[in-house]
Each structure stands twice: as C-alpha cells, then as structure tokens.
Amino acid sequence: MATFREQLTARRNQKHSKDHPFFNKWAAGELTKEQTALYCQQHFHFVGEYLNWMAYQASQIPHRDVKTYLFENLGDEENPDDRHLDMLKDYVVSAGLPRESVDASPVLVGTEGLQNWGWRMMYQKPWQATLAGMFIGLESQFLDICKKLVPALHKHYGYKPGQREIRFFEEHIGADEIHAGKGFAIVEKYCNTPELQEIAFKTVEEATVRRWRYMNSIYWYALHGKLDDTPEG
Ligand SMILES: [Fe+2]
C-alpha cells in the first residue's frame, strides 16, 4: 500500500507540467529565447498570485509551525535584496525583451483560469487540502521543471552555469527542494483524516489540470501568437 506522500506524488505526476510539449521543446532547444521569455511573463502573473495565497493562508491558519513555514517561504520570495520576481525579469531582459514587458504582458486565458481557480481553492476548500494543492499540486512541480530546463539553458541557449541571468531557474532547484520537503511534511501532518486526505488528492489533481491548461495557453501564444482559442475561418 502506497504511503499518503507517494499517493500525493502519483496524483501530481499524472499530469505534471514538466511533460508539457512547451517544456519538451524548450529542453530540446527548439524555442527561441523570446518564446521562453513569454513563458516567464505568464509565470510572473501566476506566481504573483501564489504569493498572495501564501499571505492569505498565513493569516487564516492558527498553527504556529504552518504560519512560520509560510512566512519563511514568502520571506525568501520577497527578499528585498533579490526578489524572486526580479530574478525572473532579469531572465526576460537577457532574452531581449524589455523589463517593463513583464508587468505589461496580457494575462492569458489559462493564466487567468489558474489564478481564479486558486482563489476559489483559498475560499472553498479546507485549508489542509488547500496547502496540498499549493505545495504539491503547484509549487513542487517547479523543481522538476527547472531540473529539465537548466541543462537546456546551458546547452542550447548559451548561458553559463551560475550566470546571474538564469539564477531564477538554477536557484529554484535548491530552494524548492527544501520547500517541497517541508511542504510535504506539513500536508502529511495536517491532512490527518481519510476525508481530508481524499480532498487533498482531488485538490492536487485539480491543480495539475489548471496548471496544464495554463501551459496550453502559453504554447498557443508563444508559438502561434494566439491570445485565445477562437476557431479559424
Ligand atoms: Fe521563488
């Protein structure tokens, strides 16, 4: 019988965004730098809300260890000396797009779907399952995504290991390994009834589906310039 953690991981892996065609192309060096930057613009819109979700949950959950973890994670993200979202903008600039293009970029339909579903998760799910959706369904995916992209950034896109412009991707391998470990531990501790565990599984699956659709929107926009899926002709 698989452990709760193994089952959470299996649910996530059924539709892990690391397997999305957009990342397959990126890993193979088949995207232009500009196309990879368009991904980063949407990641900015997604993560901006993710940080708000962490702050919201920290305000709602009474347990000190959970609050501490959320503030610690948020503190890393919002480090005034090197905010993570600024690291992302540095990559976009290195790919040839203006820094301001990140804030000014359109919020694609899949990104908006992910943002809005995330806010519904905040208000409509038990917080224990919400944390599973956030930490395992969403955040833990980025670690595997970076493990796939970093070798490609070195091999196909001309960045050197440790180069400042790609630290967003390189540093998330270390930071997210720690975050993912602590996130899993908190979810295991507080999803402590069969009912909560069942809602946690469902929430992780829902998160992966929303994140996959977000990737679909990015694919059509970055590769074909499509803002939505209006049929042709
Ligand atoms: Fe981050």
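Helix H5 is followed by Gly96, whose phi is positive, near 100°. The model is predicted: local features require pLDDT of at least 70 and side-chain atom pairs pLDDT 80 or more, whereas totals for chains, interfaces and linings use all residues. Residues are numbered from 1 along each chain as its sequence is written. Within H5, which covers residues 84–94, the buried positions are Met87, Leu88, Lys89, Tyr91 and Val92 (buried: 20 or more other C-beta atoms, placed from the backbone, within 10 Å of the residue's own).

The chain as a whole has 10 helices and 0 strands (DSSP runs, H or I of at least four residues for helices and E of at least two for strands, numbered from the N terminus). Its radius of gyration is 17 Å, close to the 17 Å from the globule rule for 233 residues, so the chain is as compact as a globular protein of that length (taken over C-alpha atoms; the rule is 2.2 Å times the number of residues to the power 0.38). Of the 233 residues, 34% count as buried.

Phe4, Gln7, Leu8, Arg11 and Arg12 of H1 make the contact with Gln197, Ala200, Phe201, Val204, Glu205 and Thr208 of H10 (contact: C-beta atoms, placed from the backbone, within 7 Å).

Notes
Two residues are in contact if their C-beta atoms, placed from the backbone, lie within 7 Å. A residue is buried if 20 or more other C-beta atoms lie within 10 Å of its own, exposed if 12 or fewer, and partly exposed in between; C-beta atoms are placed from the backbone.
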